[in-house]
Amino acid sequence: MLGVGNMKIRTRFAPSPTGYMHIGNLRTALYEYLIAKHEGGDFILRIEDTDQERFVEGSVDVVLNSLEKSGLHYDEGPDKDKGYGPYIQSERRPIYKKYAEELVEKGEAYYCFCDKERLDTLRAHSEALKRPFKYDKHCLHLTKEEIAEKLASGMPYVIRQNNPTEGETVFEDAIYGKITVDNQELEDMVLLKSDGLPTYNFANVVDDHLMEISHVVRGSEYLSSAPKYNRLYEAFGWDIPIYVHCPPIMKDAQNKLSKRSGDASFQDLLDKGYLPEAVLNYIALLGWNPGTNDEIFSLEDLIRVFDYHKINKSPAIFDNAKLRWMNQQYLKAMDAETFHAVVLPWIEQVTAGTELDTRKIAAVLHERTEVLSEIPGQIEFLKELPVYDTAMHVHKKMKTTPEIALTSLQKALPVLELLPEWDYQRIHDALMGLAQEMGIKNGQMLWPVRTALSGMQYTPGGAFEIADILGREESLRRLNIGIKLLEEAILSV
């Protein structure tokens with residue numbers, strides 16, 4: 001399917017290799033992927049490593065692994081050249097030099113030989129006047145002879161964009177609409193640095209044009225740079241792509257989500273036990289909604305329903321509770337076999353070296369698990385009965401007193417000892433029948449039994465499931481411990 005103006009939709013994810021996949025970066029990649037795939041277009045990966053000072057070794061692998069785990073498979077990239085490469089900016093250096101010099105020839109850019117000392121003086125002056133720093137076009141007025149002489153002498157230089165100081169620049173954004181900027185606010189940004197590498201802004205424009213990118217998706221913090229991008233497109237005589245600026249993802253009403261502030265990256269969330277498909281589903285809804293009340297979407301569903309025109313202008317708040325809920329929905333929707341395979345590594349952190357049945361444990365966890373990393377802490381009691389306070393056997397709502405709890409355990413022990421087979425149903429029938437025979441509420445029997453078996457106030461399973469998982473010998477041993485502790489507690493009062 002062809003996109004706007006019979007041009008195939010082509011989007012690009014262009015991360016800087018700085019060491020991790022921020023949630024905001026992943027959302028940008030997702031939206032770019034969905035825009036392309038919704039129209040049968042291409043999704044391209046480009047590595048923007050022109051800022052060598054920020055480059056982190058191994059971070060390209062982080063990007064590749066994150067895209068693989070999230071299911072966002074790119075059509076073109078560093079290892080999939082479809083004729084638009086190289087897809088790593090540091091390998092495209094000659095291209096940027098050529099186009100920067102072309103702008104100089106057109107009078108749309110100029111050589112700047114100002115040293116750090118002079119620029120620092122200008123910045124200090126701007127700060128004193130409480131104005132944003134803006135280069136004063138000093139080098140724009142050099143003669144051709146002066147420029148040639150400085151270049152011949154090997155003097156370091158940058159190439160700056162030559163922006164007008166009068167009039168207005170207008171640009172259109174798919175989310176924010178028409179935006180007009182006074183040209184007095186435009187700085188003559190550096191296009192080519194003294195090391196011969198382009199700035200982020202210049203490389204973006206050149207690469208997006210040469211790679212025929214139709215839609216540029218990025219955060220709304222880049223809105224202020226868009227006029228400078230447009231002036232570059234117009235200076236070259238190139239078509240301007242469709243801009244889609246997305247609202248920021250916020251930690252709360254005041255603070256943006258930030259790895260520097262300790263907020264989770266994509267890998268952090270996976271390490272905590274969130275499913276990649278749940279994370280992807282959740283972040284799709286951070287700043288976009290389908291216009292319905294539906295909240296659970298597979299990647300295929302999102303490709304089908306995604307319309308970038310429905311992206312919101314308002315910032316989106318990252319809600320951990322909502323992500324936990326969504327993760328639980330994905331876990332609940334799994335069949336028993338798939339769920340067991342997913343939770344097994346977490347269960348085995350506790351059960352390794354024991355004969356505990358991991359399938360029975362998984363069955364208990366299936367409806368109750370929100371985040372996988374919490375599983376070991378929830379089931380530790382299965383391996384070893386923790387030291388606990390007998391006050392745990394007492395529950396106001398269940399109407400259990402120490403004396404009732406003790407009587408229930410003392411009556412339950414011989415009944416369970418006599419069971420011909422040890423399984424969930426026989427345990428259930430024996431304890432429920434005993435409670436009825438004693439004329440007590442079910443909770444007055446089951447609460448003391450469960451707390452004696454687990455030593456825990458809250459467990460992922462009830463008395464029947466826990467006894468079944470622990471087995472006859474260990475269950476009876478723990479009930480005996482509970483009886484002894486209660487007897488001692490009552491005597492000491």
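Contact, in what follows, means heavy atoms within 4.5 Å. Keep that in mind for the whole talk. The model is a predicted one.

Let's start with the overall fold. Take the contacts between residues at least 6 apart in sequence: 75% of them join residues at least 24 apart. The secondary structure comes to 19 helices and 11 strands.

Now the surface. Of the 493 residues, 48% count as buried. The protein exposes about 24200 Å², and carbon and sulfur atoms supply 50% of that. What about charge? There are 56 positive side chains and 76 negative ones. The centres of those two sets lie 3 Å apart.

Next, the cysteines. How many disulfides does a search of the whole structure find? The count is 0. Take Cys112. The nearest cysteine sulfur belongs to Cys114, and it is 3.9 Å away. A disulfide needs the two sulfur atoms within 2.5 Å. Cys112 is in no disulfide. Cys112 is buried, because its relative accessible area is 2% and the cut-off is under 20%. Cys246 is also buried, at 1% relative accessibility.

On to one helix, α6, which covers residues 200–210. Is α6 mostly covered or mostly open? It is mostly covered: 8 of its 11 residues are buried. Those are Asn201, Phe202, Ala203, Asn204, Val205, Val206, Asp207 and Asp208. What do they pack against? The partners are strands β1 (10–13), β7 (190–192) and β8 (215–219), plus helices α3 (93–106) and α7 (226–236). Just after the helix, Glu212 takes a positive phi of about 55°.

Ile159 is buried, with a relative accessible area of 0%. Which residues does it touch, beyond four places in sequence? The list includes Ala100, Glu101 and Val104. It also includes Ala109, Tyr110 and Tyr111. Then come Met189, Val190, Leu191 and Leu192. Ala128 is another matter. Ile159 and Ala128 are 31 residues apart in sequence, and their C-alpha atoms are 27 Å apart in space.

Is Phe306 buried or exposed? It counts as buried, at 1% relative accessibility. Leaving out residues up to four places away, Phe306 touches Tyr31, Leu34, Ile35, His38, Trp288 and Ile311. Leu476 is 170 residues from Phe306 in sequence, and the C-alpha atoms of the pair are 57 Å apart.

The other topic is Lys441. It is found in the loop between α16 (424–438) and α17 (442–454). Where is Met398? That residue is 43 residues from Lys441 along the chain, with 7.9 Å between the two C-alpha atoms.

How values were computed: Residues numbered from 1 in each chain as written. Predicted model: local features only at pLDDT ≥ 70, side-chain atom pairs only at ≥ 80, totals over all residues. Heavy atoms only, no water. Buried < 20%, exposed > 50% of the residue type's maximum accessible area, 1.4 Å probe, protein only. Helix = DSSP H or I, 4+ residues; strand = E, 2+ residues; numbered from the N terminus. Areas by Shrake-Rupley, 256 points an atom, 1.4 Å probe, with all protein chains shown as cover. Lys, Arg positive; Asp, Glu negative; His and termini not counted. Charge placed at Lys NZ, Arg CZ, Asp CG, Glu CD.
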